Amino acid sequence: MDCGFAQLQRELNSASTLAEKTDRLHRTTAQLIDNHARDIAELACNCLKAAGRLRNTLLVARCQEVLTYCCYRLGRYDEAVAYAQQVRGYYEKTGDSHKAAIMRAELGFYHAVAGEFLEAWNCYRHCLKIFAQYDDQQRLGIVYTRIGVLAALLIDVPTALTNLHKAIAILRKVGDRRNEGVALNHIAFTYYQSENYSDALRYYRQALNIFVESGDEFQEANVLHYMALNESLFGKQQHGVVDLTEPLRKLRRALAIMESRESFPAIAEVLLDFGALYREAGRYKKALTYFRRAEELIGPGFPTCLEAANLRLQMGKTFRLMRKVDEAIPLLEEAYALGMKIDQDNAGFRVGAELSEAYREQGDVQKAYAYLRIYNAKRDIIQSVQRQRAATALQIKSEIEQIEAAMEDYRRQSRELQTTIEEQKKEITTISMHLTQKSEFLSKMQQQLKVALKAGPESTRTMLRELLTDMRSIEVSEEDWNVFERAIQNGSSEEMQGLTVKYPHLTPTEIKVCYFIKLDLSSKEIAKLLCSSVRSIETYRYNVRKKLRLPRTTNLSSHLSAM
C-alpha cells in the first residue's frame with residue numbers, strides 16, 4: 001500500500017518550487033487518493049501551510065481542493081463542505097464566476113452525500129443559471145446528472161429519470177462520452193433501487209459499452225459489479241433461483257481491475273458482493289471465505305466505519321442463516337456499535353431487526369424485545385424522514401420547472417439580442433468604414449491639391465483654391481463622429497451601462513474598447529475607429545485585463561461576451 005504514496009513523494013521531492021510541488025500534487029492525487037487518503041491529506045496540509053506562509057492564495061485554493069476530496073474519501077463531509085466553500089469563495093473574489101460555479105457544483109455533491117439535500121439543491125440551482133449564461137453545455141449536463149442523483153436519493157424516481165435523460169441528451173450532443181456513461185449508470189442504478197431489474201440491465205449494458213470503448217477500466221469495474229448484483233436479483237425475480245454463472249464472471253472481471261489498480265476500498269466492496277451472492281445461493285461457507293478476505297482489507301485505517309459495520313452485519317446474517325446464533329450476535333453487536341457512530345437511525349433500523357431475531361433465536365426474550373423496540377422507533381423516524389424527503393423532492397421539482405422556464409426565456413431573449421447585435425454591428429461597421437474611407441480620401445485629395453496649387457498657373461491656382469475650400473466644407477466633422485458614437489451607444493446602451501456598473505474603475509475609453517472587443521474587432525480596426533495607434537489600443541486591452549483581474553489563460557473577448 002505504500003508504493004503509490006512513495007511514487008507521489010518522489011515526484012514532489014523532485015519538484016524545485018512550491019508551485020511545481022502543488023501542481024504535481026494536484027495532477028497525481030486522483031489515482032492514489034482512494035488508497036492513501038490520510039497520507040495525501042497530511043501532505044496537502046503541509047503544502048497548504050507553506051503556501052499560506054507565502055500568501056499565495058491560488059496555491060492555497062488548489063491545496064484546499066485536494067483536501068476537499070480527501071475529507072470526502074475519509075467520510076468527513078463537514079470538513080469537505082468547509083474546504084469547498086473556501087475554494088468557491090476564492091474564485092468568487094477573483095471574479096471567476098465560471099470556476100466558482102464549478103466548485104459550487106462540487107459543494108452541492110458533498111452536501112448531498114452528507115444528507116443536506118436542500119443545501120445541495122441550492123448549489124445546483126445556482127450552477128444551472130451560471131452554466132446557462134456561459135453556454136457551458138458539458139457542465140449543464142453534469143449538473144443535470146447530479147440533480148437526477150439527488151432526486152433518486154429523495155426517492156423521487158420520475159424526477160430522477162427525467163433529469164438524467166436530459167443530462168444524457170446534452171452530453172451526447174457535446175460528445176462527452178464518459179459523463180454520458182456516468183449518467184446511464186445512474187439511470188440503471190435508479191431502476192435497480194426501484195426493483196425494475198430488466199430496465200436496469202438495459203442501461204447498465206449501454207454504460208458498460210461506453211466505458212469499454214473508452215478504456216475507462218475503473219468505471220467499467222464499477223458497472224460490472226452492480227450488473228452482477230442486478231443479474232442475480234433479476235434471475236431470482238424471474239425464475240425463483242439464483243444463477244451465479246454470469247454474475248460471478250462479471251465480479252471476477254471487476255475484482256481483477258480493482259486489484260490491478262490497488263484500489264483497496266473497491267476491492268473490499270467487490271469481495272463483499274461475492275459473499276452476498278454466495279449467501280443468496282445458500283453457499284454459506286464460500287460466502288464467509290470472501291467476507292474474511294474483505295475483513296483483511298477493512299482495518300482500523302479504513303476511510304469510514306460504514307464499510308466495517310456493513311461487513312460485520314453481512315457476516316452476522318450469514319452465521320444466523322447457518323444457525324450459529326452465538327457467533328452471529330457478537331458480530332451484529334459490533335455492527336450496531338460501529339453504525340451508531342455514523343448514522344444512529346439507520347444502524348438502529350438495519351441492525352436492530354437482525355439483533356432482535358438473533359436474540360429471539362437464542363432465547364433471550366428481554367434483549368430481543370429491547371432491540372425490537374429500537375427497530376420500531378427508528379423505523380418511525382426513517383418513515384418521517386422519508387416524508388420530509390418527499391416534500392423536499394416536490395419543492396425541488398417545482399423549482400426545476402421554474403428555472404427551466406426562466407432558462408428558456410433567457411435563451412429566447414439571448415437569441416433575439418444576438419440578432420439585434422448582429423444587425424447593429426453591421427450598421428456600425430458600415431458607418432465606421434464610410435467615415436474612415438471618407439476621411440482618408442479627403443486627406444489624400446487635399447495633399448494632392450496642395451501640391452498642384454503650388455505648381456500651377458494663377459488661374460489654375462484660383463480654381464484649385466475654390467475646390468479645396470469646398471472639400472474642406474465636407475470634411476469629416478466632429479458632428480459626424482458624434483453621430484457614430486450615438487449609433488454605438490444606441491446599439492449597446494445596456495451593455496455599456498452594465499460594464500460601467502460592474503467595473504466602475506474602467507475609463508470611458510476602456511469601456512469603448514471593451515465594446516469593440518465584444519464586436520470581434522481587431523486592435524487595428526479599433527485604432528482606426530478611435531483615431532489612435534494600434535499600440536495604444538494594446539495598452540488599453542492590457543489595462544482592462546489587469547483591472548478585471550483576468551488570468552493569462554482567460555480570453556478577454558470570451559469573458560466580455562459571456563457577461
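In this presentation, contact means heavy atoms within 4.5 Å. By that rule, Ser356 touches Ala368, Tyr371 and Leu372, not counting residues up to four places away in sequence.

The structure is a predicted model, in which local features need pLDDT of at least 70 and side-chain atom pairs count only at pLDDT 80 or more, while totals for chains, interfaces and linings use all residues. Residues are numbered from 1 along each chain as its sequence is written, and side-chain values use heavy atoms, with hydrogens and water left out.

The term pLDDT is the predictor's confidence in each residue, from 0 to 100. The protein averages a pLDDT of 77, and 73% of the residues score at least 70. Residues 1–5 have a pLDDT below 50, and beyond near neighbours in sequence this stretch has ten contacts in the model. Over residues 26–35 the pLDDT also stays under 50, and here the model has 26 contacts beyond four places in sequence. Where pLDDT is low, the predicted coordinates should not be read in detail.

Let me turn to the overall make-up. The protein holds 25 helices and zero strands; helices (H or I, at least four residues) and strands (E, at least two) are DSSP runs, numbered from the N terminus. Of its 563 residues, 45% count as buried. Buried means under 20% relative accessible area, exposed over 50%, and partly exposed in between, with a 1.4 Å probe and protein chains only. Among contacts between residues at least 6 apart in sequence, 58% join residues at least 24 apart.

What does the interior look like? A nonpolar core is a set of buried Ala, Val, Leu, Ile, Met, Phe, Trp, Tyr and Cys residues joined through side-chain atoms within 4.5 Å. The largest such core has 85 residues, of which Trp121, Leu128, Val143, Ile147, Leu150 and Phe274 touch the most other members. Helix α14 (residues 264–280) supplies the largest share of this core, ten residues. Apart from it lies another core, of 19 residues, among them Tyr515, Ile517, Leu519 and Leu548. As for Trp121, its contacts, leaving aside neighbours within four places in sequence, are Ile147, Leu150, Ile396, Glu399, Ile400 and Ile403.

We now come back to Ser356. Its place is in helix α18 (residues 344–362), and at 7% relative accessibility Ser356 counts as buried. One of its contacts, Tyr371, also belongs to an aromatic pair. Rings of Phe, Tyr and Trp (its six-membered ring) pair if their centres lie within 6.5 Å; planes under 30 degrees apart count as stacked, over 60 as edge-to-face and the rest as tilted. The count comes to ten aromatic pairs. The rings of Tyr192 and Tyr197 have centres 6.1 Å apart and planes at 55°, so this pair is tilted. Both Tyr192 and Tyr197 are buried, and together with Phe189 and Tyr226 they form one aromatic cluster.

Which kind of pair do Tyr359 and Tyr371 make? Their ring centres are 5.9 Å apart and their planes are at 5°, so the pair is stacked. Because Tyr359 lies in helix α18 and Tyr371 in helix α19 (residues 365–455), the pair ties together parts that are twelve residues apart in sequence. Tyr359 is buried at 5% relative accessibility, and Tyr371 is buried at 12%.

Another buried residue is Gln314, at 10% relative accessibility, in helix α16 (residues 305–321). Gln314 touches Arg279, Phe291 and Arg350, not counting residues up to four places away in sequence. Gln314 and Leu272 are 42 residues apart in sequence and 8.1 Å apart in space, C-alpha to C-alpha.

Next, two loop residues. Most residues other than glycine have a negative phi. Ile155, however, has a positive phi, near 60°; Ile155 sits in the loop between α8 (137–153) and α9 (157–174) and is exposed, with a relative accessible area of 54%. Arg323 likewise has a positive phi, near 65°. Arg323 is found in the loop between α16 and α17 (325–342) and counts as exposed at 69% relative accessibility.

I close with a helix pair. Helix α22 (residues 508–518) and helix α24 (residues 534–548) pack at an angle of about 95°, with their axes 10 Å apart. Axes are lines fitted to C-alpha atoms, for helices over the stretch in contact, and angles run from 0 to 180 degrees between N-to-C directions. The two helices, α22 and α24, are therefore roughly perpendicular to each other; angles under 35 degrees count as roughly parallel, over 145 as roughly antiparallel, 65 to 115 as roughly perpendicular and the rest as oblique. Thr509, Glu510, Val513, Cys514 and Ile517 of α22 make the contact with Tyr540, Arg541, Asn543, Val544 and Lys547 of α24.
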